[in-house]
Amino acid sequence: MHISPVLWQFLVRWLNASALFPAEASTIAPYTDALYFFLMLITIVGILLVGGLILGFSIRYRREKSPVATQVEGSTLLEATWTIIPLAIFLVIFVWGALLYFRIYTPPTNSMNIYVVGKQWMWKAEHPGGQHEINALHVPIGRPVQLTMISQDVFHSFSIPDFRVKREVIPGRYSTVWFQATTPGVYHIFCTQYCGTLHAGMIGQVTALTPEDYDKWTQRSTSGMSLAQNGERLYNSMGCNACHNGSAAARGPSLAGVYGARLQLANGSTVTVNEAYLRDSILNPSQHVTAGYAPIMPTYQGQISEDGLIDLVEYIKTMQTNYRSQQTLVTNQSTQAAPTTPGR
Ligand code: HEC
Ligand SMILES: [Cu+2]
């Protein structure tokens with residue numbers, strides 16, 4: 001998909017100057033717009049063609065010129081032409097759209113992940129380092145950013161028009177969207193799904209920063225605890241360690257390195273473990289039991305907030321060896337054991 005740069009700059013500058021069009025501030029924006037302009041062009045040509053023919057024919061074949069109707073038997077050539085040409089145009093749009101779709105829906109593997117929790121009526125962003133923001137989102141430019149999003153109540157939709165991204169934010173399930181900002185600046189965030197009285201107030205600002213400014217921002221806004229550190233605390237306090245401690249005698253599978261792995265399930269299917277799978281196996285463990293294990297894990301439905309689930313997921317993602325969970329298990333046992341052996 002190559003666009004003549006001069007023509008493009010002219011068109012976009014002109015549209016931006018006329019304030020009709022949002023800025024193009026992400027890598028995907030020029031591609032989305034190119035398809036959009038192409039559709040506009042086809043539409044305008046179609047309107048002119050059909051409108052022109054209606055006007056021309058109604059003058060040429062008006063009643064006073066031809067009072068008696070002539071019956072026409074049809075023409076295969078004509079019919080084939082007006083079938084094949086539109087078909088070819090629609091197929092071009094289909095292939096173009098499909099290529100764009102894959103580009104929009106496939107985040108680059110090196111993208112950084114930020115969580116977004118939507119609720120009536122605000123957006124909350126959680127960065128892996130523990131930075132939390134309300135109705136605001138800070139991102140670096142020149143780096144792909146993936147948002148993993150979930151709603152705490154009703155359906156919302158997360159949209160940044162200047163980045164040309166929009167994705168439904170759904171209760172009970174992670175959805176993702178990715179973008180790469182190109183120009184430092186402040187852009188609008190909208191909720192584009194009617195979600196109750198204050199829907200119109202469910203807005204925010206995304207601030208795109210140069211990598212250096214972004215690093216400064218991350219250091220300045222840290223809460224001291226990363227998501228994974230919060231998750232580790234929760235993991236211990238909820239007793240996950242009792243079954244997932246990585247030892248051979250444990251009742252649950254070791255979770256070390258499980259993120260990204262392909263799991264064999266008891267029903268014979270396999271899954272690749274991502275954030276959504278981790279979240280779901282905490283809430284609905286019996287839905288997809290890992291092969292070789294009994295379905296004994298209790299459900300944690302209603303016991304952990306979405307924020308807590310995000311922390312747990314981030315913690316499990318960091319578990320690369322069994323060392324940490326065994327360490328915590330040992331510490332837990334020794335602190336629990338202490339009161340029962342007072343005389344020592
Ligand atoms: C009573 C023991 C027990 C407890 C407590 C427990 N689990 Fe599990 N867990 C299991 C078993 C057994 C499986 C494998 C069978 C299955 O998938 O249901 C499992 C599976 C999982 C999986 C799926 C990944 C895999 O390798 O199978 C995740 C993720 C998980 N547990 C996380 C947790 C978290 C987080 C907690 C604490 C909030 C927790 N578990 C508490 C026993 C337990
Ligand atoms: Cu909303």
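## Basis of the description

Residues are numbered from 1 along each chain as its sequence is written, and chains are lettered from A and ligands numbered from 1 in the order in which they are written. Because the model is predicted, local features need pLDDT of at least 70 and side-chain atom pairs count only at pLDDT 80 or more, while totals for chains, interfaces and linings use all residues.

## Domains

The domain assignment, which is automatic or from a database, gives domain 1 (5–60 + 76–105), domain 2 (112–220) and domain 3 (227–335). The C-alpha centres of domain 1 and domain 2 are 30 Å apart. Their contact (C-beta atoms, placed from the backbone, within 7 Å) takes eight residues from domain 1 and twelve residues from domain 2.

On the domain 1 side, five of these residues are nonpolar, three are polar and none is charged. Here Ala, Val, Leu, Ile, Met, Phe, Trp, Tyr, Cys and Pro count as nonpolar, Asp, Glu, Lys and Arg as charged, and the others, Gly among them, as polar.

## Helices 2 and 3

Helices (H or I, at least four residues) and strands (E, at least two) are DSSP runs, numbered from the N terminus. Helix 2 (residues 29–60) packs with helix 3 (residues 76–105) at an angle of about 160°, their axes 10 Å apart. Helix 2 is therefore roughly antiparallel to helix 3, a term for angles over 145 degrees. Axes are lines fitted to C-alpha atoms over the stretch in contact, with angles from 0 to 180 degrees between N-to-C directions.

Helix 2 contributes Y31, T32, L35, L39 and I42 to the contact, and helix 3 contributes I89, I93, W96, G97, L100 and R103. By class, eight of these residues are nonpolar, two polar and one charged.

## Helices 6 and 7

Helix 6 (residues 275–283) and helix 7 (residues 306–318) pack at about 120°, with 10 Å between their axes. E275, L278, R279 and I282 of helix 6 meet L309, L312, V313 and I316 of helix 7. Six residues of this contact are nonpolar, none is polar and two are charged.

## Residue T270

T270 belongs to strand 12 (residues 270–272). T270 is exposed, because 9 other C-beta atoms lie within 10 Å; the class requires 12 or fewer, with C-beta atoms placed from the backbone.

Leaving aside neighbours within four places in sequence, T270 is in contact with R262, L263, Q264 and L265. The C-alpha atoms of T270 and A291, 21 residues apart along the chain, are separated by 9.6 Å.

Conventions
Two residues are in contact if their C-beta atoms, placed from the backbone, lie within 7 Å. Angles under 35 degrees count as roughly parallel, over 145 as roughly antiparallel, 65 to 115 as roughly perpendicular and the rest as oblique. A residue is buried if 20 or more other C-beta atoms lie within 10 Å of its own, exposed if 12 or fewer, and partly exposed in between; C-beta atoms are placed from the backbone.
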